Structure formats: structure tokens, C-alpha cells
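Here's a short tour through a protein model, stopping at a few spots worth a look. Keep the structure open and follow along.

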Amino acid sequence: MGRIVPAIHVENVGKRFGDFTALDGISLDIDAGEFFGFFGPNGAGKTTLLKILTGQLRPTSGSASVLGIDVTKEPLKVKAATGIVPEVESPPSYLTAYEYLYFVSRVRKVDGGEKRIAKWMEFFDLDDSRGTICKDLSKGNRQKLMIAGALIHEPRMLFLDEPFINLDPIFQRKLKVYLKEYSDGGGTVFMCSHLLEIAEKLCDNVAVINKGHIIARGSLAEVRGKHPDLEHAFLDIVEGDA
Amino acid sequence: MLKEEFRMHTSYSSRWMFLTFPILVLLFSFGIAYTSEQIFQNTSLHDMMLMMHISVFIYGLSVGAFGFLGNQYQERSAGYRNYLVTQPSTLPMSFKSTFFGMYLRDGVFYVLLLLVPMAGGLFLSIPLTGFRALSILSLFITALLTFFLGMSLSFFVSTIYIRSRVAFGAACAAVAGVFAVGTVAKLVPLDVLLPGLGMQYRLSPFAFSSGVEALGFGGAAILLIILLTAGAVLLVEDRFESRHVETDDELITQDRRFSGFKRYGTLLAKEVVDLRRSGLITRMAFTYVIPLLFLAFTAWFIRNGLALPVGFNTVFYGGMVGFFGVTFYGWLNNIDHTDYLSTLPLTVPQMIKTKLLAYTLLTSWMSVIFLVAIALVNNDLRLMWLAIPVMIIVSTYIVVMTAYLTGLRTNSFFFDPGVLVRFTVLSMFPDLGLTILAFTIDRYFAYALAGIALVVGALGISTYFFYRGLDKKWGMTDFGA
């Protein structure tokens with residue numbers, strides 16, 4: 001029997017920005033259908049790794065593949081095959097909410113784009129903002145738009161950087177339910193977040209990164225250990241590494 | 001703010017490369033001073049000063065439009081970048097003080113980057129040229145006054161734009177009217193309109209006994225600068241809410257319109273929508289049309305004002321028009337942030353090519369209209385058959401070459417001396433060649449035509465290679481980097 005290829009394979013990845021080492025020899029394997037939580041203090045290297053895995057940044061050393069695609073050699077294929085919600089909710093300033101989703105669906109060559117746009121506009125309750133240009137949308141609505149843009153082509157894998165930030169509790173809940181169903185249906189999720197309470201309800205496996213090194217890795221139960229919840233475990237792990 | 005500006009520019013190249021820029025200006029100035037003896041054989045010092053002050057004034061005008069810039073930073077969401085000018089929303093600062101801060105910041109920035117090294121180059125040449133240190137100092141002070149007058153006027157007029165578009169139009173017309181009265185009708189001497197120039201003409205070596213008069217012009221320049229700057233600051237309003245825009249879905253219509261451009265159609269449609277909604281299209285048209293008018297004025301001034309027998313013809317204008325495409329391409333790269341594009345299956349070269357297409361569609365008709373108009377005014381339609389292809393090829397060459405050198409960060413990369421030197425060499429030689437050939441058309445038609453064909457052919461081939469090279473040079477670059 002052949003070996004199952006992991007959905008995400010990271011081997012000894014390092015990233016330097018001048019004299020600053022953002023990532024130092026990170027190795028990870030994430031299976032298809034896994035909901036993976038990636039946590040760490042501010043500036044620990046979470047977003048840097050997410051950007052490398054989505055072809056937005058090139059690693060200084062090491063290699064990585066997503067859905068079997070080499071992220072350094074074929075970043076466009078990775079972007080086409082996955083959905084990405086970036087750290088900052090920054091849709092184009094001068095397109096309306098509807099136009100942004102239209103733009104994304106055209107760039108991604110999505111079949112039946114109009115129906116899918118309507119679906120996600122309704123899902124995120126953006127119909128009232130259809131004609132508002134993005135710079136005039138609230139932060140929350142801009143975030144919803146970025147998430148909708150990442151889901152519109154129904155990818156097999158999602159990379160989410162703080163997806164719940166700026167969303168009100170109603171939409172946090174709605175997105176949580178959707179992501180759970182997505183993962184249960186075989187979709188793979190790689191999520192960076194500081195909202196550990198939400199993450200605890202969603203993630204199968206987690207890793208904690210600090211100063212460019214992975215300092216804890218395993219199933220949710222393994223990482224939580226004897227602690228009452230993930231938040232306590234996280235504080236203990238990071239403080240222990242200081 | 002100065003630190004912010006410095007860090008923004010150095011983030012595109014490096015601290016070392018950025019700091020090389022003033023050294024380059026210093027060396028250039030030294031070179032000009034060293035060869036000044038030859039220059040003075042054809043152009044008098046009086047005319048040199050006039051051209052220098054006009055250039056410095058126009059430069060001040062071009063960098064002082066903080067009313068537009070500040071407004072733009074506040075209105076658009078800046079992606080991963082944000083600027084101090086937007087901070088009064090959350091900090092106890094007023095917009096008046098941040099706009100004034102921007103004015104001071106850029107004033108200091110350009111003086112240190114350009115005027116100080118320019119004067120430094122002249123000082124260094126003293127052992128070789130025998131220039132007097134006092135004359136160089138007076139040149140520096142008068143140029144400083146003219147530069148700040150240009151900046152202040154631009155600051156004032158652009159802040160009127162924030163309050164009222166009609167008043168802005170009226171102010172532009174008034175300024176143009178004053179300068180037209182001064183230059184074309186010669187009712188007001190140019191050294192009165194530019195008191196920095198007036199001061200220069202009343203100092204050594206132009207005059208020796210009118211120190212008081214020179215001080216009077218200097219005082220008038222300072223007063224004008226203070227009045228215009230104070231007026232501009234007063235006009236800035238503390239506006240914490242940006243203009244709210246509700247609109248119809250225009251992208252879909254534009255996308256259908258550009259469907260023939262295949263994979264670039266939707267991207268092109270987005271560029272057009274961005275341009276219309278950001279309001280930049282009018283300002284970009286101004287930045288394209290104003291240099292064209294300045295070119296027409298300079299040619300007119302040399303021919304009629306200085307009475308120099310230079311044979312400006314339509315082919316010369318065709319070549320020059322092409323060289324003005326750089327500013328327009330720079331604006332195209334400055335409409336909005338590009339961070340969100342990094343999450344989509346798009347590449348930087350694809351976006352560069354889209355901007356090049358947008359540039360061609362938006363400017364080619366403007367250039368042809370200008371060329372025909374200037375040919376009609378000069379009663380010189382006989383060479384249009386040659387001028388139009390020259391214009392198209394030069395224009396395409398200069399913009400593709402600029403895109404190759406600077407990618408999507410044109411304005412910032414021009415502060416990288418390595419890029420600037422390459423750009424200068426690649427633009428100046430063909431420019432000079434075409435200008436000389438255009439001037440000789442009437443005397444040696446066959447030779448001039450063969451020369452022009454050769455230069456234009458070389459530019460065409462170079463354009464092809466620059467275009468082909470875009471993928472290799474920018475293919476590995478990230479959006480927002």
C-alpha cells in the first residue's frame with residue numbers, strides 16, 4: 001500500500017527578514033480533512049508560515065507542499081487550489097462588495113459565478129451593502145467579504161488568518177458552524193487565531209509556535225494536557241518557553 | 001513623519017541605495033558645473049538661471065499637492081500600510097497639523113535630497129571652476145525660495161479642491177491666467193511672479209549695488225510662501241468621515257467591454273473602475289496634460305522669448321510626448337493598495353501588463369490630439385505621417401522600460417540610484433538622438449529619416465525585450481513587497 005500524502009507537508013522551513021529570523025526549521029505534516037489550529041504570541045511566526053504555505057512569501061530555506069503542489073515552484077497553483085483569508089481585511093478600496101466577489105469569481109474562473117455570489121452575499125448578510133464601495137464598509141463587513149472571497153470557488157483547503165476577528169457573535173457562530181461542516185465534509189483547514197475558545201471547539205490538532213520554533217504539537221487533548229482549557233495550556237507552554 | 005517617509009522609501013531598495021541618491025545629484029551638479037564653460041558659450045547665465053528657477057518652481061508645484069495626497073490617504077483603505085496623516089481619528093492631533101506636518105516633511109525631504117546636494121556639487125567644483133562661494137550660496141537661497149513658492153502654491157490650490165471643485169477650477173484658471181499675463185502677454189515680468197528669481201537677478205553677478213532690492217524680493221517671496229501655506233492650512237478641515245460612495249455595479253459592464261482582452265479583460269475593467277471612482281483620472285489627465293503644455297510653452301519661449309533659431313517641428317513633439325508617459329504610469333501604480341491580490345492566482349507581471357494596457361488605452365488618444373493640435377497651431381502638418389509612429393513607439397518604449405525597471409512601485413524605485421541611473425541612460429540617449437535628428441529634418445531629410453528609422457527600430461526591439469523580460473524580473477516578487 002502506498003503512503004498517504006499529507007495535505008500540507010512542511011520540511012525544515014526557515015524564513016529570515018534581514019537579520020531577523022521569523023521561522024527557524026519548521027517541520028509539519030497535516031492530513032486531508034484535518035482542522036489544524038496554529039497558535040502563538042504576536043510576532044511568533046504564524047502569519048509568516050501561512051504566507052509561505054499559500055505562495056505569498058518564499059522560504060529562505062526548506063521546502064513545503066500543499067495538496068502535493070510545491071509552494072515555491074508553483075505558487076499560482078496553490079492559490080488557485082486553496083482559499084485564503086489574510087490577516088488584514090483589505091479588499092480593493094473602490095469596488096463594491098458585489099463587484100469584489102464578481103472580480104474574484106472571474107479571476108478564479110468560477111462556473112456559475114452569479115449564483116455563488118448571491119449565496120455568499122446572503123450568507124454574510126451583505127445584500128444591503130451591495131452598492132457600497134469597500135473603503136466605506138465597516139471592518140466587520142470587509143472581513144465577511146474577504147471570507148466570502150476565499151470560499152466562493154469551494155476549495156478543498158482553507159488557510160485562515162484570524163477569520164473571526166471583527167465579526168459579531170452572530171456571524172462568529174455562523175462561520176463556526178460552516179467551518180465545522182466543511183471540515184467534517186473532508187475539507188482541510190489551517191487556521192491561525194488568538195481566539196482560543198473558538199479554536200478549541202473546532203480544531204482536531206494544534207501547534208504552538210514561539211520565536212520561530214514549534215514548541216508544542218499534537219491533538220487538542222494532548223496539547224491541553226492536564227489544563228482546564230486551551231487558554232491555560234497555551235499560557236503555560238509559552239511562559240515555559242520564555 | 002520624516003522617519004516614516006524615509007522607511008517607506010528604503011523598504012523598496014535599501015538604506016544604502018537610498019542615501020546614494022543625493023550623492024548622485026551632487027556628482028551630476030558637479031559635472032554640470034565642470035562643463036559650464038561650454039554651456040555658457042551657447043546659453044547666457046541669465047537664461048540658465050531663468051530655466052533653473054522655472055524647473056525648480058514646476059518641481060515644487062508637482063510635489064506640493066498635499067490636499068490631494070492627504071485626502072487620498074484618508075479616503076482609501078491602505079491595506080497593510082497606514083500613514084501618520086490618518087491618525088487624527090484616534091490621536092489628539094488635528095488634520096491641520098498633520099497636513100502642515102506633511103508639507104514640512106516633504107519640504108525638508110526634497111531640500112536635503114536635491115537642493116543641498118545640488119549646491120554641494122557646485123561648492124565642490126570651486127577649485128576647478130573658480131565659482132564664488134557667495135554666488136553659490138545666493139543661488140541655493142533663491143532656488144529654495146522658488147521651490148517653496150511652488151510647493152506652497154500647489155498646497156494651497158490642492159486644499160481648495162477638498163472644499164470645492166468649482167473653487168478649485170477657478171483657482172487653477174486664476175493661476176494659469178496670472179502666468180499667461182506674465183509670460184505670453186509680458187505684462188508682468190517673470191521675476192516679479194517668481195520673486196526668488198527676482199532676488200537672483202539683483203545679486204552678484206547680475207547686479208552689485210541693489211542689496212536692498214534683492215532683500216525686498218526675498219522678503220516678498222517669504223511673505224508669499226507664508227500666506228499661501230497659512231491659507232492652505234486654514235482650508236484643511238477636520239473631517240473624520242470619508243466621502244461615502246454608493247454606486248451601481250459598473251465592473252460587470254466594463255468587464256464585458258474589455259472581454260476581447262481575454263485574461264486581462266477583468267483586470268483592465270477593474271483598473272478603469274478604480275480610476276473613475278478614485279477621482280484620479282482627472283488629476284492624472286492634469287499630470288499628463290500639464291507637462292505637454294509646459295513643453296509647448298518652453299518651445300514657444302525659446303523660439304519667441306529668447307529668439308533662438310531652434311527648428312521645433314512635429315516630429316520633435318512626437319518624440320517628447322512619448323517621454324511624458326512615465327508620470328501617468330506612476331499614477332496608475334498609485335491608485336490603490338495591491339495586498340489583496342496576493343491571495344488570488346495572479347502574478348505581479350500580469351498586473352504590470354494590465355497597467356501597460358490601461359496606459360495605452362487611456363493616453364494614446366490624448367497624445368494624438370495634442371500632437372495634431374500643436375501641429376495645427378504651428379502650421380506644421382506636413383510631418384504628421386512620421387510624428388505619429390515616432391510618438392507611439394517612443395511612448396510604448398518608455399513606459400515598458402519604466403515598468404521593467406520599477407514594476408508596480410514606480411515612484412519609490414526612482415529614489416533608488418541604481419534604477420534612476422539606468423532609467424536616465426535608457427531614456428536620455430534616445431531622447432537626445434531623436435531631438436537632434438528631428439531638428440535636422442529640414443536640412444538633411446534623407447539622413448534624418450534614416451537616423452530616425454534606426455533609433456525607432458532600436459526602441460521597438462528594446463521594447464520587445466523589456467516586455468519579454470517582465471516575467472523573469474518580476475515573476476518572483478510578492479504583491480505589497
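A residue counts as buried when its relative accessible area is under 20%. Keep in mind that this is a predicted model.

**A buried threonine in chain B**

B:Thr406 has a relative accessible area of 1%, and buried means under 20%, so B:Thr406 is buried. You'll find B:Thr406 in helix H19 of chain B, which covers residues 384–406. Which residues does B:Thr406 touch, leaving out those up to four places away in sequence? They are B:Tyr329, B:Phe413, B:Phe414, B:Val419 and B:Trp474.

**Two helices packing in chain B**

Staying in chain B, look at helix H16 (residues 314–323) and helix H18 (residues 348–377), which pack with their axes 10 Å apart. The angle between H16(B) and H18(B) is about 155°, which means that the two are roughly antiparallel. Their crossing is right-handed. On the H16(B) side, the contact is made by B:Thr314, B:Tyr317, B:Gly318, B:Val321 and B:Gly322. H18(B) brings B:Tyr359, B:Ser367, B:Phe370, B:Leu371, B:Ile374 and B:Ala375 to the contact. Sorted by class, the contact has 7 nonpolar residues, 4 polar ones and no charged ones.

**A covered helix in chain A**

Now hop over to chain A. How many of the 8 residues in helix H1 (residues 46–53) are buried? The count is 7, so the helix is mostly covered. Among the buried residues are A:Lys46, A:Thr47 and A:Leu50. Just after H1(A) comes A:Gly55, with a positive phi of about 75°.

**The sheet in chain A**

Chain A also has an open sheet of 6 strands with mixed pairing, in the order E6-E7-E8-E3-E9-E10. Strands E6(A) and E10(A) stand at the edges; each has a single partner strand, so one side of each lacks a neighbour in the sheet. From one strand to the next, the twist averages 15°. E6(A) and E7(A) run parallel and are joined by 4 bridges, and A:Gly83 stands opposite A:Leu158 in E7(A).

| Helix | Strands | Angle |
|---|---|---|
| H6(A), residues 169–184 | touches E3(A), E7(A) and E8(A) | about 145° with E7(A) |
| H9(A), residues 230–241 | lies across E3(A), E9(A) and E10(A) | about 35° to E9(A) |

Key
Residues are numbered from 1 along each chain as its sequence is written. Chains are lettered from A and ligands numbered from 1 in the order in which they are written. This is a predicted model: local features need pLDDT of at least 70, side-chain atom pairs count only at pLDDT 80 or more; totals for chains, interfaces and linings use all residues. Side-chain values use heavy atoms; hydrogens and water are left out. Buried means under 20% relative accessible area, exposed over 50%, partly exposed in between (1.4 Å probe, protein chains only). Contact means heavy atoms within 4.5 Å. Axes are lines fitted to C-alpha atoms, for helices over the stretch in contact, and angles run from 0 to 180 degrees between N-to-C directions. Angles under 35 degrees count as roughly parallel, over 145 as roughly antiparallel, 65 to 115 as roughly perpendicular and the rest as oblique. A crossing is left-handed if the near helix is turned anticlockwise from the far one by less than a right angle, and right-handed if clockwise. Ala, Val, Leu, Ile, Met, Phe, Trp, Tyr, Cys and Pro count as nonpolar, Asp, Glu, Lys and Arg as charged, and the others, Gly among them, as polar. Two strands pair if DSSP finds at least two bridges between them.
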